[in-house]
Amino acid sequence: MMLEWCLALAHLSLAAGPAGAADGVAIRAARMLDVRSGKYVDRPVVIVKGDKIDKVGTEAPPSGIKTIDLGNRTLLPGLIDAHTHVLLQGDATQAEYNEQILKEYPSHRVARAVRALAIALEHGFTGLRDLETEGAGFADVGLRDAVNEKVIPGPRMQVAGPALSTTGTYPILHFRPDWAFPVGVQTCDGADSCRKAVREQLSYGTDWVKIYSNGGGLRLTSDGYIDSPPNWTREEMAAVVSEAHALGHKVAAHATSDTGIRMAVEAGVDSIEHGDSIRPEIAKMMAKKNIYLSPTLTVLAYVAEPRAKEGRVIWAEIPKVAARSFRNALDAGVKIAFGTDAGGFPWMEINQAKEFSHMVRLGISPQEAIRSATLVAADLMGWKKVGSIEAGGEADLVAVAGDPLQDVAVLEKIDFVMKAGQIIRRPE
Ligand SMILES: [Zn+2]
């Protein structure tokens, strides 16, 4: 695995080039998923010119054009993960988090993030929304720009810099008070200070504003949901949302408790992250206000047990409540944007495409799960030219052996990836 990605990284950064060259390349496969209809097109022919899709059809390609025949594979749009942390390498326990925040040099974290970007791309994720650097400042802005400049390989990205939260609500916490320790977010208190924090962050080039609507203090309610104190006053949260929106940017809210989710939804954020405790009436409000849910089931499966074992017993309950909340969101017609929290689990150990299986296990259809990682996620990001395979769109394509509508787990074995017309990997 290690050698494999090392070679791939070297190959990607040095040999960046042969794309769907100017005169075009034809890609053929056994079938292609039309994500809009949810149906297969048999024996598709996709013509790529430069970084764009030139033509999609079933007619034989023009004679003389370079052809890539993917045999019995299924062609899909490049996948988008709407919740990642390329600058984190797994933090199931508080000790793992503290280690990365307190001890790792920023350059070390960035180097590992470069590797994470290559891994995401190799797994077929041609787009990411990276939601907060956890103590690594605005390193995500630099990484995004380096990808765009083709200095390093990686998915197209939208980034959030450090998230915002209020004093005393986000680790590092409870270390000796007479010493200053870093926290994994930028803190602000009071509406004016929070407005200023939004202005400051966006001036550094971030795309999204991320807030922690609630943090710790999670408890089970008598009717089986999760509640906690809020991190913010309504005035503070309203200030963040109105300032971000006034400047043309969106707000993502980490929200895992009844109070946290309710306050974020009422404040009019654009997406709820995790959403572990969504009551039916809140789900209806989300659908009405067009607030997306990014469910991050993969990280939940990864962290719940170790966190319960280190004494945070509520974590033994959260997966059950989260499953119920996911179904409430589905029933209410909330738009579900595929999000995994990769980085919250180690990039090197778990393929973020595992999220598809978790989603389907909780009741979403394979078609809808794939749409959430293509059309819906692209819509959340405001990307008009990715998320489907259509003439004029960006040439972000993946292919996999097998039938993902029968078994979404095959998406963990993607072996053809093209981003912006450049071949990232192809079958052996
Ligand atoms: Zn996260």
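**View 1. In strand E5, the bridge partner of Ile-47 is Lys-55.** The residues belong to a predicted model, in which local features need pLDDT of at least 70 and side-chain atom pairs count only at pLDDT 80 or more, whereas totals for chains, interfaces and linings use all residues. Residues are numbered from 1 along each chain as its sequence is written, and side-chain values use heavy atoms, with hydrogens and water left out. Strand E4 (residues 45-50) and strand E5 (residues 52-57) are paired in the antiparallel sense over five bridges, where pairing requires that DSSP finds at least two bridges between two strands. One residue separates E4 from E5 in the hairpin that they form. Helices (H or I, at least four residues) and strands (E, at least two) are DSSP runs, numbered from the N terminus.

**View 2. Strands E2 and E3 form a hairpin with four residues between them.** Strand E2 (residues 31-34) runs antiparallel to E3 and is joined to it by four bridges, and the partner of Asp-34 in E3 is Lys-39. In the turn, Gly-38 has a positive phi of about 75°. Arg-43 is exposed, with a relative accessible area of 59%; here buried means under 20% relative accessible area, exposed over 50%, and partly exposed in between, for a 1.4 Å probe and protein chains only.

**View 3. The zinc ion is coordinated by His-83, His-85 and Asp-341.** The donor atoms are NE2 of His-83, NE2 of His-85 and OD of Asp-341, at 2.0 to 2.2 Å, and along the chain these donors follow the spacing H-x1-H-x255-D. Donors are N, O and S atoms within 2.8 Å of the metal (3.2 Å for Na, K and Ca), and water is not among the atoms, so sites may look incomplete. His-83 is buried, with a relative accessible area of 0%, and His-85 also counts as buried, at 3% relative accessibility.

**View 4. The largest pocket holds about 890 Å³ of space.** Among the 40 residues that line this pocket, Tyr-170, His-254, Arg-307, Arg-312 and Trp-315 are the closest to its centre. Helix H2 (94-102), strand E13 (208-212) and helix H9 (297-309) are the elements that give two or more residues to the lining, and H9 gives the most, with four residues. On a 1 Å grid over the protein atoms alone, a pocket is an open set of points with protein on both sides within 12 Å along at least five of seven lines, a cavity is a set where a 1.4 Å probe fits but cannot get out, and lining residues have an atom within 4 Å of a point. Grid points are joined across faces, edges and corners, and a volume is the space filled by probe spheres set on the points. By class, the pocket lining divides into 15 nonpolar, 18 polar and seven charged residues, where Ala, Val, Leu, Ile, Met, Phe, Trp, Tyr, Cys and Pro count as nonpolar, Asp, Glu, Lys and Arg as charged, and the others, Gly among them, as polar.

**View 5. The largest cavity has a volume of about 40 Å³.** The count comes to one cavity of 30 Å³ or more. His-274, Gly-275, Leu-293, Pro-295, Leu-297, Ala-322, Ser-325 and Phe-326 line the largest cavity, and helix H10 (residues 318-332) supplies the largest share of this lining, three residues. Five of the lining residues are nonpolar and three are polar, with no charged residues.

**View 6. Thr-256 lies in the loop between strand E16 (250-255) and helix H7 (258-267).** At 7% relative accessibility, Thr-256 counts as buried. Leaving aside residues up to four places away in sequence, Thr-256 touches Asn-214, Leu-218, Ile-226, Ile-261, His-274, Asp-276 and Ser-277, contact meaning heavy atoms within 4.5 Å.

**View 7. The peptide bond from Pro-171 to Ile-172 is cis, with omega near 15°.** Ile-172 is placed in the loop between strand E11 (163-165) and strand E12 (185-187), and the loop between E11 and E12 is likewise the place of Leu-173 and of His-174. Leu-173 is partly exposed, at 28% relative accessibility, and its C-alpha atom is separated by 7.7 Å from that of Val-183, 10 residues apart along the chain. His-174, although not a glycine, has a positive phi of about 65°, and it is exposed, with a relative accessible area of 77%.
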